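Subject: Structure handover

Hello,

Here is the structure I promised to pass on. Please look through it first; my notes follow below.

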Amino acid sequence: MTTHLLNVRPYGEDPVDITWSDGVITSVVAAGTAEARPDDDVIDGRGLIVLPGFVDLHTHLREPGREDAETIASGTAAAALGGFTAVHAMANTNPVADTAGVVEQVWRRGIEAGRCDVHPVGAVTVGLQGERLAELGAMADSAARVRVFSDDGVCVSDPVLMRRALEYVKAFDGVIAQHAQDPRLTEGAQMNESELSGVLGLRGWPAVAEEAIIARDMLLAQHVGSRVHICHLSTRGSVDIVRWAKERGVDVTAEVTPHHLILTEELARTYDPRYKVNPPLRTADDVEAVREGLADGTIDVVATDHAPHAREDKDCEWAAGAFGMLGLETAFPVVVETMVIPGRLDWRGVADRMSERPARIARLADQGRPIAVGEPATLVVVDPDATWTVDPQRSPSRSANTPFLAREMHGAVVHTVLRGRPTVSEGVLT
Amino acid sequence: MSTHLLSAADLSRDEAIAVLDTAAELARISGRTVKKLPTLRGRTVVNLFFEDSTRTRISFEAAAKRLSADVITFSAKGSSVSKGESLKDTALTLEAMGADAVIVRHGASGAPHRLAHSGWIDGVVVNAGDGTHEHPTQALLDAFTLRHHLSGGEGALDGRRVVIVGDVLHSRVARSNVLLLRTLGADVTLVAPPTLLPVGVESWPCEISYDLDAALPGADAVMMLRVQAERMNAAYFPSTNEYSRRYGLDVRRANLLADEGIVMHPGPMNRGMEITAEVADGPRSVIVEQVTNGVHVRMAVLYRLLGAAEGSGDPAEPALSGSLEEAAS
Amino acid sequence: MTAADIPAPTGRPTAIPEGPGGSATPPHPDGARVLDSDDISRILGRISHEILERAHGAQDIVILGIQTRGVPLARRIAERMTDIEGAPVPVGSLDITMYRDDLSLRGARPLHATDVPVDGIDGRLVVLVDDVLFSGRTIRAALDALSDLGRPRAVQLAVLVDRGHRELPLRADYVGKNIPTSRDQAVRVRVQEVDGADEVVVSG
């Protein structure tokens, strides 16, 4: 079966016709010159932009344990609609993904769902308790081939444990992805610590609780000669520290969420837990800083931290609300609005931050590849000018806790293709 | 007046003075044998108290009853609330019972805000204290008390100096008072150890001081906030002794106030911790009066809020007009 | 407080026949002026005499003005009566805001003072004074308020203007002027102490 994607612009550049069969690109020629045979599939690219399929380093699929909020099937459907061809499912499930058995289960369910590649993230410590290392090697050797390990949800705060973890994963080219949050400085914290938290009477989550852990882990990683990845950077101080560390040669990579690229703590004034997230929404200056960081590459990737929650966990007073926001379907338009339209990032940059670098960090051989002959046909076609409104009713996600409710978004995913097979066609799941 | 009373910032200067004036008139009425007024007859007022608070709850109950409203009280202990029923479900139950006004005290900051804006209930929401956020009717009764002693019982509090001392970080009373006192023209100084002041307090419309002896001289009033001894365990201060020595109000300090200066406390007091028994029971103390004033102020708040709310009257009834503007014929 | 505490209004009380009075006046910018300050002065004088006549003297009378414009009218009446009788006639004010039945329709209004003379109203003849009598609901509220203040032996009502359209079985004992109106007209009373001038204007 041969498919032709006609009249698309890779990285926004000159229009081409792309042809693939058996999941591999067989030709890339000037637009209008591809020869389609009668029983070939043809997709009209309409002059739109084509990029390598997006790779999310940070997603919560909630299965096993909280299938009321999301399942691997529903989450990967949302991912495909968001243009993602691979997602990394975080380990804070129930049971926790701290053994080869659980990660293989998640991996297999992802294949069954078939919407995008699911790469389970293994927990760093048993049960996320922060006491003993989990069997990282077993998870790495399992069918799921885990390379990214994280206790996300909680911080690996014990410096000795973090050191050991950083050292241990060198054996299989793994990486520890740290959720930077000093637990003692953030006990009972509800929102960013600032003038606003004092006015609203909500306990503060100070920036230093994130920055201090990052600074420590930069130095640890350098000391033991390991690479390290920092999840959901959210403050100017964190960006500055990572930038400093990179200048010193530390092998660090960092991610930022779409919501931290665009939303600020001001939303807490509503006391609506829809806007409650960990790390919290920060100040406008922090938002500016993470945009600068993503633009100059200090921040390597956009990672959604898609965190579905059942309705009753958000339909309540702030203190009782769970932390987390949806993000898979709205990541691309947020990047368009905050980075592309203002000219901070071009389409090559988007490909780099949303596909190439995440794939490299996760050591994925078949994602984030150039759009060229011989490469996997794992692509996303996007329309940067399309506008649409967020409507949770029309989302395949089981949860509705999006911070962009009823908001008009700029930029839409039109086609998502996973190894030659379209998973989304004209904005609709196939 | 806006539809709900969630924060002291909801009141403009004129509105605040109007509430205090109304309370003053109601206070005079309560000197009569018949204390009840028929004003809110047929209205249902619900007290929704998720936190234990006998004093405030009784104050609101009395206020509503004196206006002839039907009062229903939900208190946390022993109800479905304490068994984990959510705020939303409790609210929906109240709505089904037809509450015209819901007076809510809750341990979570912003809970009244959620009740007012979530669409779960239709009635008027009065914040009776939410977490560490606000307690607007406390600020109103404090302003009423101050006005009575410092401004002859009328107008505002322009130029008066009020010192507020204690655990500002965790105090909803402090937040509401800073806002309302500023609205009424008073100058406020907050005194506390640095650990008990919130980040960003420098931007609040008041002065800050760590030194109680320096802040008190000449002040017209000092308001002592309750300080929980358990805060010591979270290292907010080293010991109760050190706290009392540096920030407690004793007779020597009370006498630093202006001649007519008064001592206030929202209650309940930790005698010996933030305030000595001699001062609490002494001549400058108006603490008991604050409680009495609470009923009249809360009557005024209920009257003004429910009067502004949409009612069930028949629009075909003729306007009671005669002389324009005012009470009709 | 008695009428003797207030300076005497201009114009002396003279005997005025009942019924519509006053010469033809030029149309007022707001509408037709039905009573001017001289008319009002004569009316108040007549009413003062009528009250005293029916009660056979002022021995147990208390005049209570209904807030707000009823209050200055009550004070003027009490002062006239004090002049006539040569003994102080107690006067006070009654605020009926909290007794109204239209809270939900019209919103919360500011409260004004209820000042009852020091000897109270128990066993006395209370004469309520108001500016305009219309539906009667204000008077109903005033009667409720009175019953919370004490037990008069009798209650009478004096109004400056009766404009008809009663909705309750209530009537005034003393009427300054009957002014038939339609419902959508407005009757506006201005008194010197509140508005700076004395007049009654009908508009609409």
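Between them, 18 residues of domain 1 of chain A are in contact with 20 residues of domain 2 of chain A; contact means C-beta atoms, placed from the backbone, within 7 Å.

This is a predicted model, in which local features need pLDDT of at least 70, side-chain atom pairs count only at pLDDT 80 or more, and totals for chains, interfaces and linings use all residues. Residues are numbered from 1 along each chain as its sequence is written, while chains are lettered from A and ligands numbered from 1 in the order in which they are written.

On confidence, the predictor gives the complex an ipTM of 0.85 and a pTM of 0.86. Chain C has an average pLDDT (the predictor's confidence in each residue, from 0 to 100) of 86, and 85% of its residues score at least 70. Residues 1–27 of chain C stay under 50, and the model has 44 contacts for them beyond four places in sequence. Where pLDDT is low, predicted coordinates should not be read in detail.

Last, a point about chain B. Apart from neighbours within four places in sequence, B:Val102 is in contact with B:Val46, B:Leu48, B:Leu94, B:Leu115, B:Ile121, B:Gly123 and B:Val125.

Regards

Methods. Two residues are in contact if their C-beta atoms, placed from the backbone, lie within 7 Å.
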